[in-house]
Amino acid sequence: MELSIGLPDGLLMRAGEDGGLTLYESDHTTVRRRIDCTVLGGARLADIVWSHKLSAVLAAAPETNQLFRWDPYTDSLQEYAGTGESGRRDGKIAQAKFAATVSITEAPDGKLWLVDRDSSALRYITIDTDRPDGDPHVVTVVGRHRAGYVDGPAEDAKLAHPEDLQILYDGSVVVADTGNDALRHLDPSEGEVTTIYGGPRTEEDVLDDDDDVVLRAPVRVTVADSQLWVEDANGRHLVEPRYV
């Protein structure tokens, strides 16, 4: 999977197969700068996102259980969040713990939503632009009770080793719930988690299945041209439009 993001001034940042970051000009081919990533110690990045509130790039490195930060005034990637010890601890960013963050994205309100694969958690980071340092805090929304498969109120819901998430146009969140062979949906305003596609299947379900598509370990969910797509072990599938 190629990792690249467009920056507000038209530049492009791309993560290479070697884990390094390269900044390109607006033509997306001319190299402007190669970012010093020695802080990663050889660890690979799983995702990168531009935060408008921080005016910086955040990068997720699941091998180190950390998030890293790059802003236009530096030439290097720097530690931003996570102690390096695997875990799930909320609160101030300096004390927070993560467990293999594999996907991170920004919502319209500036919250940075992320999924931690190893703690089966959906979380977000809040940033207060009225504070000099942004006073970032980490909040766990789903995944307080270990891995499993439970819909309902977010505080009781369970995921199983999610690999990706996507923010929809209405601000709700869709998660590729890899371990449950499902797409899960969170409406933050209602605080409810539902399954919109797939889910754990019994042997009887498989024998009686009339569906054209059966999800198997979904790893990527994307929105393109107002359509929701999911990628799994069987390929790429279009999800019914009503979920977008």
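1. In this predicted model, strands S10 and S11 pair in the antiparallel sense over 5 bridges. Within this pairing, Ile104 stands opposite Leu114 in S11. The hairpin that the two strands form has 5 residues between the strands, and Gly110 in this hairpin takes a positive phi near 95 degrees.

2. Strand S10 deserves a separate remark.

3. Ala100 is found in the loop between strand S9 (91-92) and S10. Although Ala100 is not a glycine, it has a positive phi of about 60 degrees. Most residues other than glycine have a negative phi. Ala100 is also buried, because its relative accessible area is 0% and buried means under 20%.

4. Is Ala217 buried or partly exposed? With a relative accessibility of 30%, Ala217 counts as partly exposed.

5. The structure holds 1 aromatic pair. Its members are Trp113 and Tyr124, whose ring centres are 5.0 Å apart, with 55 degrees between the planes, and the pair is described as tilted. Why does this pair tie together separate parts of the sequence? Trp113 belongs to strand S11 (residues 112-116) and Tyr124 to strand S12 (residues 121-126), so the pair ties together parts that are 11 residues apart in sequence. Both Trp113 and Tyr124 are buried.

6. With 15% relative accessibility, Tyr124 counts as buried. Lys111 lies over the face of Tyr124, at 4.3 Å from the ring centre. Tyr124 and His137 are 13 residues apart in sequence, and their C-alpha atoms are 8.3 Å apart in space.

7. Another charged residue is placed over a ring elsewhere in the chain. Arg236 lies over the face of Trp229, and the distance from the ring centre is 4.2 Å.

8. In general, rolling a probe the size of a water molecule over the atoms shows where empty space is left. In this model the count comes to 1 cavity of 30 Å³ or more. The largest cavity has a volume of about 40 Å³.

9. Which residues line the largest cavity? The lining is made up of Leu122, Val142, Leu159, Val173, Val175, Arg184, His185, Leu186 and Val193. Strand S16 (173-177) and strand S17 (182-187) are the elements that give two or more residues to this lining. The largest share, 3 residues, comes from S17. By residue class, the lining of the largest cavity divides into 7 nonpolar, 1 polar and 1 charged.

Conventions:
Residues numbered from 1 in each chain as written. Predicted model: local features only at pLDDT ≥ 70, side-chain atom pairs only at ≥ 80, totals over all residues. Heavy atoms only, no water. Phe/Tyr/Trp six-rings, centres within 6.5 Å; stacked < 30°, edge-to-face > 60°. Helix = DSSP H or I, 4+ residues; strand = E, 2+ residues; numbered from the N terminus. Buried < 20%, exposed > 50% of the residue type's maximum accessible area, 1.4 Å probe, protein only. Lys NZ or Arg CZ within 6 Å of the ring centre and 35° of its normal. Pairing = 2+ DSSP bridges. 1 Å grid on protein atoms, 1.4 Å probe; cavity = no way out; pocket = protein on both sides within 12 Å on 5 of 7 lines; lining within 4 Å. Points joined across faces, edges and corners; volume = space filled by probe spheres on them. Nonpolar A, V, L, I, M, F, W, Y, C, P; charged D, E, K, R; others polar.
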